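Open the structure in your viewer and keep the selection panel at hand. This tour goes stop by stop: what to select, then what is there.

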Amino acid sequence: MIQPLRKTHRAIFLVLAILLPALFLSGIAFRHSWPGIKPKQVPAARARR
Amino acid sequence: MSHQYQAIGWNRQKRFYDWTVIAGVFIYVGLFVGLSAFLFPYATAETMIIRAAGSAAFLLLHVVLCIGPLCRLDSRFLPLLYNRRHLGVVTFLLGAFHGVFGIIQFHSLGDTDPLVSLLTSNQNFQSLPDFPFQQLGFLALLILFLMAATSHDFWLRNLTPPVWKSLHMLVYVAYALLIGHVTLGVLQSETSPVLVIATALGLATVLGLHVAAARQERKVDTTKPTTVPSGFVDACAVANIPEKCAAVCSVNGERVAVFKYDGKISAISNVCRHQNGPLGEGKIIDGCVTCPWHGYQYLPDTGASPPPFTEKVSTFQTKIVNGRVWIHQKPNPPGTRIEPSQIPGSEVHA
């Protein structure tokens, strides 16, 4: 790859290496539902009381 | 390598590559739909197909993005690079399938135009969990379309390699948009951690490989060769260049490939005219420097492709002093013949 393109490529990846994990982590942190955590269910017996 | 227009210059390797990709896509989609039908029996067929095509496109884009750095780190991955553009086109087709079926399912049943509905139905740009993720996917699809449409060598020649390469660097913008599309879309409602972990692993792999390859490349660029007033720089030791192969060194920020063949040394630009491939990682086959990416060939002493081809790269003057190769810093115009330097004591091999 020629030098200017190589520098552009490096700059792009420096930005992406910061931006994408930040986007991904904030997207997961502010999501409506969390993975693996199911809403609490009230046992039927207790609910009847 | 071709001197006339051909839609696709088919050969055995290309056919094998493409059939493997097509078979891989069908197996993936089949497995995805089969497993989904088993795990989520209430999901509609349309939903399963939309998800299968979308996830296949996303997965394939990861593969496409990993091939470049893998080849820089280990030349054994070079065969994957050969038809990377075909992978890109398949990625676009799968993405288009996902997009079109998604628009039909979610935006075509109202009284608004489906495209208008896609672009205007959700405008919660301030909310991360409710962000209009479909617009991000649409933008990424437009970029992938632009790249797929210009992927042919016809466009490469007409746009010139630097412009074409810059245009195709938009793939990173498309990737960023798709990470947003997935994170703010399906991952917002998905309660299983599998997709979250898979996306995180994919992102870490792409970023990690590119950072590792960039670190390796930087070493070559930052090595400062010894320069003498006559304009020659110390490139490498003759003994360190394998026969019919090259050593790559950096001269004034540009890379030069120093080839050893038949008891002679010649230096040419490391950048192939076709797609900026690394000529120094190629070999001399049938007397020609052969690019490892797509097989474009150049004569080592002139930097010109053998007739009837017209591609030319810059050549550099060389001399051998005390077993080391010295290269003149100033490149000669592409195609200029430079007498190869004779390796002392090698006349018997010539």
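**Stop 1: the two domains of chain B.** Select domain 1 and domain 2 of chain B in this predicted model. Their C-alpha centres lie 37 Å apart. The domain assignment puts domain 1 at 12–220 and domain 2 at 232–342. Colour the two ranges separately before moving on.

Now look at where they meet. Eight residues of domain 1 of chain B are in contact with 10 residues of domain 2 of chain B. On the domain 1 side, two elements give two or more residues each: α3 (78–81) and α8 (161–168) of chain B. Show the side chains there. By class, that side of domain 1 has six nonpolar residues, one polar and one charged.

**Stop 2: chain B as a whole.** Switch to cartoon view: chain B has 11 helices and 11 strands. Of its 350 residues, 31% count as buried. Take the contacts in chain B with a separation of 6 or more: residues 24 or more positions apart account for 56% of them.

Colour by confidence next. The mean pLDDT of chain B is 88, and 95% of its residues reach 70 or more.

**Stop 3: helix α1.** Select residues 12–39 of chain B, which form helix α1. This helix has 28 residues. From first C-alpha to last it reaches 40 Å, close to the 40 Å expected at 1.5 Å a residue. Is α1(B) enclosed or in the open? Of its 28 residues the number buried is one, so α1(B) lies largely in the open.

Pick F16(B), which sits in this helix. It is exposed, with 12 other C-beta atoms within 10 Å; a count of 12 or fewer is what makes a residue exposed. Then draw a distance from F16(B) to G30(B). They are 14 residues apart in sequence, and their C-alpha atoms are 21 Å apart in space.

**Stop 4: helix α9.** Go to residues 171–183 of chain B, helix α9. At 1.5 Å a residue, its 13 residues should span 18 Å. The end C-alpha atoms are 18 Å apart, which agrees. How many of the residues of α9(B) are buried? The count is 10 of the 13, so the helix is largely enclosed by the rest of the structure. Among the buried ones are V171(B), A174(B), Y175(B), L177(B) and L178(B). The buried set also includes I179(B), G180(B), H181(B), V182(B) and T183(B).

**Stop 5: a sheet of three strands.** Select β5, β6 and β7 of chain B. They make an open sheet in the order β5-β6-β7, with antiparallel pairing. At the edges stand β5 (283–285) and β7 (297–298) of chain B, each with a single partner strand, so one side of each is left without a neighbour in the sheet.

Now focus on β6 (residues 288–290) of chain B. It pairs with β7(B) in the antiparallel sense over two bridges. Which residue stands opposite V289(B)? Look across to Y298(B) in β7(B).

**Stop 6: chain A against chain B.** Finish by showing both chains. 26 residues of chain A are in contact with 31 residues of chain B. By class, the chain A side has 15 nonpolar, eight polar and three charged residues.

Technical notes
Residues are numbered from 1 along each chain as its sequence is written. Chains are lettered from A and ligands numbered from 1 in the order in which they are written. This is a predicted model: local features need pLDDT of at least 70, side-chain atom pairs count only at pLDDT 80 or more; totals for chains, interfaces and linings use all residues. Domain bounds come from an automatic or database domain assignment. Two residues are in contact if their C-beta atoms, placed from the backbone, lie within 7 Å. Helices (H or I, at least four residues) and strands (E, at least two) are DSSP runs, numbered from the N terminus. Ala, Val, Leu, Ile, Met, Phe, Trp, Tyr, Cys and Pro count as nonpolar, Asp, Glu, Lys and Arg as charged, and the others, Gly among them, as polar. pLDDT is the predictor's confidence in each residue, from 0 to 100. Two strands pair if DSSP finds at least two bridges between them. A residue is buried if 20 or more other C-beta atoms lie within 10 Å of its own, exposed if 12 or fewer, and partly exposed in between; C-beta atoms are placed from the backbone. The expected span of a helix is 1.5 Å times one less than its number of residues.
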